[in-house]
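Open the model in a viewer and keep the selection panel at hand. The stops below each give something to select and say what is there.

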Amino acid sequence: MFETFTASQWLAHTREHGDLAAWLALVPYARRIGVSAEVDDHGVLFHLAPQQGNVGNVLLPALHGGVVAAFMETAASLDLMLATREPRLPKIIDFSIDFLQAARLAPTQARCRLLREGKRMANVQVTAWQQSEAQPVATARLHFALADPDDASLINRNA
């Protein structure tokens with residue numbers, strides 16, 4: 001992947017082609033829980049496939065809250081990488097989630113909205129739903145630091 005590109009060139013190339021699958025391929029946990037994405041008329045629509053391993057409450061059955069949160073965080077990060085004015089890598093600063101109802105073991109979708117993009121920070125809102133976008137199972141707000149993709153101090157940092 002990076003053999004012929006610098007990190008910023010690769011990010012610019014994948015952004016230009018809307019190659020969300022290439023980005024998801026770099027996130028093993030997203031693959032493990034079943035995250036996928038597609039671009040539609042309204043932007044990027046993220047999907048979380050129902051998988052038995054994602055169940056937290058076997059009696060309902062309902063998705064584990066951590067799985068829903070990870071799905072929404074992944075969606076916000078990838079959506080932001082596509083939506084920024086120039087290729088930038090987001091590093092999460094703050095994540096606040098509101099669980100509005102139990103997320104059943106059913107297909108789950110999410111859509112993001114970039115609320116603000118500054119020089120160094122961005123704010124993203126995420127809504128996740130199952131039956132209808134008008135009846136969300138969770139909403140989240142995320143704050144990100146934005147950095148140059150070639151800045152190794154951001155990419156290799158253990159935080």
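Select S77, which lies in helix α4; helices here are DSSP runs of H or I with at least four residues, strands are runs of E with at least two, and both are numbered from the N terminus. With a relative accessibility of 17%, S77 counts as buried (buried is under 20% relative accessible area, exposed over 50%, partly exposed in between, using a 1.4 Å probe and protein chains only). Show what surrounds S77: apart from neighbours within four places in sequence, its contacts are P90 and F144, where contact means heavy atoms within 4.5 Å.

This is a predicted model, so local features need pLDDT of at least 70 and side-chain atom pairs count only at pLDDT 80 or more, while totals for chains, interfaces and linings use all residues. Residues are numbered from 1 along each chain as its sequence is written, and side-chain values use heavy atoms, with hydrogens and water left out.

Next, colour residues 63-144. UniProt, in an unreviewed entry, places the feature "domain: Acyl-CoA thioesterase-like N-terminal HotDog" there; its positions are given in the numbering used here, the feature name is shortened, and such annotations may be inferred rather than shown by experiment. The span is 23% helix and 49% strand, and its end C-alpha atoms lie 26 Å apart.

Now select F46, F71, M72 and V126. These have the most contacts inside the largest nonpolar core, which has 37 residues. A nonpolar core is a set of buried Ala, Val, Leu, Ile, Met, Phe, Trp, Tyr and Cys residues joined through side-chain atoms within 4.5 Å. Elements giving two or more residues to this core include α1 (7-17), β2 (43-48), α4 (65-83) and β7 (121-129). The most comes from α4, with 10 residues. In soluble globular proteins, nonpolar side chains tend to be buried together.

Stay on F71. Leaving aside neighbours within four places in sequence, F71 is in contact with residues including I33, F46, L48 and A110.

In β6, A110 is the bridge partner of F46. β2 and β6 run antiparallel and are joined by three bridges; two strands pair if DSSP finds at least two bridges between them.

Which residue forms a salt bridge with D40? Select R111: the closest N and O atoms of the pair are 2.9 Å apart. R111 lies in strand β6 and D40 in strand β1 (residues 35-40), so the pair ties together parts that are 71 residues apart in sequence. R111 counts as buried at 14% relative accessibility, whereas D40, at 25%, counts as partly exposed. A salt bridge is a side-chain nitrogen of Lys or Arg within 4 Å of a carboxyl oxygen of Asp or Glu.

E133 sits in the loop between β7 and β8, 22 residues from R111. Through shared partners, salt bridges join D40, R111 and E133 into one network.

Finish with D98 and R141, whose closest N and O atoms are 3.2 Å apart in a salt bridge. The pair links strand β5 (residues 89-99) to strand β8 across 43 residues. D98 counts as partly exposed at 32% relative accessibility, and R141 as partly exposed at 35%. Over the whole structure, a search finds four salt bridges.
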